[in-house]
Amino acid sequence: MPALIPSLIIFIWFNFLFLLSRRLKRLDIVDLGWGLGFVILSWSTLLLTRNFALRPLLITLMITIWGLRLSVHIFLRNRGRSDDHRYQDLHKKWRHHPTLNTYFNIFILQGFLGLLISVPIILTNFDLSPTASALTPTDIIGYLIWLFGFAFETIADWQLSKFKKNSTHKGKIITTGLWRYSRHPNYFGEALLWWGIFLISTNTPLGYLGIISPVLIDFLLLNVSGIPLLEKKYQHNPEYQHYAHHTSLFFPLPPKK
């Protein structure tokens, strides 16, 4: 039952996003709905279980802050732009049955990945034991790691947005602020905060299963949809290649001299 309810919630949400994308004729609506899906799942499982102990309440609040911030950021970033070129390219690639391919390979696939990433949230919100209201040192460490990762991601996104708004920076590469120490500080922050969420979930029965969440996030960011796409985009940009030679790919490190 605990696995069935979250699966149904995610399935309904990503089907709604698919129908909305057909209505708006934009596939990147799935990016906007990504963070909101976690928020909906967190609150739905919390309210269905009526588990208002301290740990479930805190982790639901954390996911809400993260998910809403991410969705607002993506909305502001995409406002006034055409559909994301990545999804346009995929849609053109799927000449045969493009609608079915879009449905399964974008929306259903992201829904499945979102469900796996949500395992620590589900484990925490379905933990009805008396210890759910007792904070442990692991909880405190998890909250601090999440807070650091969330702040890192938020500041990096803000710095990049501010950089792009300056017309004199058009076509240039940001190399200041957190971007001086990592080429993808926003992704580093994103990966880090999910490790914090996993640590919190280890205080629940079967909490070790939650490790699938940060491991999957790290794999996707480092090998699939995050860093590889951006690195490929700038592989022939001399300015970026010079920047890449001196700057860490992922983990923030002092620039190479």
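Reader: Where is Thr-247 found?

Author: Happy to start there, and please keep in mind that this is a predicted model. Helix α11 covers residues 238-246. Thr-247 is found in the segment after α11.

Reader: Is Thr-247 buried or exposed?

Author: A residue counts as buried when its relative accessible area is under 20%. Thr-247 has 6% relative accessibility, so Thr-247 counts as buried.

Reader: Which residues does Thr-247 touch, not counting residues up to four places away in sequence?

Author: Leaving out residues up to four places away in sequence, there is still a list of partners for this buried residue. Thr-247 touches Trp-179, Arg-180, Tyr-181, Ser-182 and Arg-183.

Reader: Which residues make the contact of α3 with α7, and how do they divide into nonpolar, polar and charged?

Author: From α3 come Arg-55, Leu-58, Met-62, Ile-65, Trp-66, Arg-69 and His-73. From α7 come Asp-139, Tyr-143, Trp-146, Phe-150, Glu-153, Thr-154 and Asp-157. These residues divide into seven nonpolar, two polar and five charged.

Reader: How many aromatic pairs does the structure hold?

Author: A pair of aromatic rings is described by the distance of the centres and the angle of the planes. Rings pair if their centres lie within 6.5 Å. In this structure, the number of aromatic pairs is 17.

Reader: Trp-66 and Trp-194 form an aromatic pair; which parts does the pair tie together, and how many residues apart are they in sequence?

Author: The two rings are 5.3 Å centre to centre with 80° between the planes, an edge-to-face pair. Both Trp-66 and Trp-194 are buried. Trp-66 lies in helix α3 and Trp-194 in helix α8 (residues 185-201), so the pair ties together parts whose separation in sequence is 128 residues.

Reader: Tyr-103 and Phe-104 form an aromatic pair too; what kind is it?

Author: Tyr-103 counts as buried at 15% relative accessibility, while Phe-104 is partly exposed at 47%. Their rings are 4.8 Å apart, centre to centre, and the angle between the planes is 80°. Planes over 60 degrees apart count as edge-to-face, and this pair is edge-to-face.

Reader: Which residues do ring pairs link into a cluster with Phe-152?

Author: Phe-152 is found in helix α7 and counts as buried at 10% relative accessibility. Not counting residues up to four places away in sequence, Phe-152 touches Leu-178, Pro-185, Phe-188, Gly-189 and Pro-252. Ring pairs link Phe-152 into a cluster with Phe-148, Phe-188, Phe-250 and Phe-251.

Reader: With which side chain does the side chain of Asn-186 make a polar contact?

Author: Asn-186 has its place in helix α8 and is buried, with a relative accessible area of 12%. Beyond its neighbours within four places in sequence, Asn-186 is in contact with Glu-153, Ala-156, Asp-157 and Trp-179. The polar contact, at 3.4 Å, is with the side chain of Asp-157.

Reader: Where is Lys-25 found, and what is its phi?

Author: Lys-25 is found in the loop between α1 (4-24) and α2 (29-49). With 71% relative accessibility, Lys-25 counts as exposed. Although Lys-25 is not a glycine, its phi is positive, at about 60°.

Reader: What is the phi of Leu-206 near?

Author: Leu-206 lies in the loop between α8 and α9 (212-224). At 49% relative accessibility, Leu-206 counts as partly exposed. Leu-206 is a residue other than glycine with a positive phi, near 65°.

Reader: Which helices do the buried residues of α9 pack against?

Author: In α9, the buried residues are Ser-213, Pro-214, Leu-216, Ile-217, Asp-218, Leu-220 and Leu-221. The buried residues of α9 pack against α5 (98-117), α6 (119-125), α8 and α10 (227-233).

Notes: Residues are numbered from 1 along each chain as its sequence is written. This is a predicted model: local features need pLDDT of at least 70, side-chain atom pairs count only at pLDDT 80 or more; totals for chains, interfaces and linings use all residues. Side-chain values use heavy atoms; hydrogens and water are left out. Contact means heavy atoms within 4.5 Å. Helices (H or I, at least four residues) and strands (E, at least two) are DSSP runs, numbered from the N terminus. Ala, Val, Leu, Ile, Met, Phe, Trp, Tyr, Cys and Pro count as nonpolar, Asp, Glu, Lys and Arg as charged, and the others, Gly among them, as polar. Rings of Phe, Tyr and Trp (its six-membered ring) pair if their centres lie within 6.5 Å; planes under 30 degrees apart count as stacked, over 60 as edge-to-face and the rest as tilted. Buried means under 20% relative accessible area, exposed over 50%, partly exposed in between (1.4 Å probe, protein chains only). A polar contact is a pair of N or O atoms within 3.5 Å; within protein, one must be able to donate a hydrogen and the other to accept it, and residues adjacent in sequence count only if both atoms are side-chain atoms.
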